[in-house]
Amino acid sequence: MASTTVVIDMPVERTIQQHPNTSSNDSIPLRNRSNQNQVTFGDFEEDTGAAVDVLQRWNYPRINIYRLAAIFFAFLNFGMNDGSYGALVPYIEADYDLSYTVTSLVFLSPFAGYTVAALFSDRLHLFFGRRGIALLAPSCKVVAYVVIATHPPYPAVVAILALAGLGNGLVDAAWNAWIGGLAQTNQLLGLLHGLYGLGATISPLISTSMITKASLGWWTFFYLMAALCLLEVVIGSAAFWSETGTKYTDVNRANGEEKGMTRQALKQKVTWICAGFLLCYVGLEVSLGGWIVNFMIRVRHGEPFSSGMTATGFWLGITVGRVILGFITAKTGERIAVSVYLLIAVGCELIFWLVPQFIVSAVAVSLLGFFIGPIFPSTVIAVTKLLPSDMHVAAIGFSAAIGGGGAALLPFAVGAIAQAKGPATLQPIVLALLALLIGVWLTLPRMPKHVHRS
């Protein structure tokens, strides 16, 4: 459901650096040479024969512009998938006459797909390359969405959502890892997850409008999702058509130094702290986004459309927070900024819980989303500052994969508790998770101002 990254170790290609007047297309790829400096395209050394690490940029080679656009579109769809559940859950529950616990299976089921993606993503890259991922991942989602759009029995909905989880898991793994291998990765990852948030913002608005304004069944929303993912197949496969399994194997498996990087990252305390932190954070984000509409209808007695808009407000707050607060975070540093954001989020949650008015709750949950929005990108940046650069992809991938477990398990647990104690239990659970996040975050070591290099 939420963003989950499977670890794919991506070594950096090396080239014989050309004279500035020489065409970049003539650069000669080499295998690893030890003890060389890391540079990006556009940086040249006086010694034209020196072997150096080369990081591709988002705009060089030029094909990367189209690949980045395709990845951004994929993450927009990814966010629309995750953001829609909060708005659709009350209608799914009423349509099939389900309990909270049974309804919560829509959150748990995709985790099976994420697990399969974690086990086989790297192998799929070796056989089919990124072209294969660009074809297979959205195709899995197209099949799942078409089945759901036929309004099948509820067990079939739960089962097929595992296939959608597989598609989203492959997308998240491959494209986070690919962007992680580019120059200016922090900025690009911020944009990537901002687009995820944008998708999660607009999908409750679209799905709620289709149901309450156009009087359509909840399942008709998945016709739209199937069409968007079909477009994702076309755009993604065209952008990555040259990225075959043979090419991926040549670049990623001929490099002996990169083997075992995941194992080395898992020996670092920072990796496990960030993994535990994201487990709680992503679980909090998806639990709140997934159950807020139900809470507003059942506890705050809101109308279905206005209650659905509170989910839009929450995801919009996350998206705007990632954009605006990112500048403040860069000035103050991640350790202080995230601590302050979490303390303010606790205040917003207390208002949300203790003031029983619909408007106040809607504003409070939007502000809560705003202040927790930059936490995921800040965690990624913390990893880059605290660990050597050659561990970044492995450590970030593992941490986000654990976060995906929180996205499946915690919303399911919230639903099970709500079944026994009522939907009002959402509030103390969210407050407890915020307090836990503060405690885990403060266990991180002090961070340097700049990215840690090997």
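**Exercises on a predicted model**

Among the protein's contacts (heavy atoms within 4.5 Å) between residues at least 6 apart in sequence, 83% join residues at least 24 apart. This is a predicted model, in which local features need pLDDT of at least 70, side-chain atom pairs count only at pLDDT 80 or more, and totals for chains, interfaces and linings use all residues. Residues are numbered from 1 along each chain as its sequence is written, and side-chain values use heavy atoms, with hydrogens and water left out.

**Exercise 1.** Find where Ser 109 lies and decide whether Ser 109 is buried or exposed.

Solution. 
- Step 1: Ser 109 belongs to helix H3, residues 105-149. Helices are DSSP runs of H or I with at least four residues, numbered from the N terminus.
- Step 2: The relative accessibility of Ser 109 is 9%, so Ser 109 counts as buried. Buried means under 20% relative accessible area, exposed over 50%, and partly exposed in between (1.4 Å probe, protein chains only).
- Step 3: Leaving out residues up to four places away in sequence, Ser 109 touches Val 158, Ala 159, Leu 161 and Ala 162.

**Exercise 2.** State what share of the protein is buried.

Solution. 
- Step 1: The protein has 454 residues.
- Step 2: Buried residues make up 57% of them.

How values were computed:
Helices (H or I, at least four residues) and strands (E, at least two) are DSSP runs, numbered from the N terminus.
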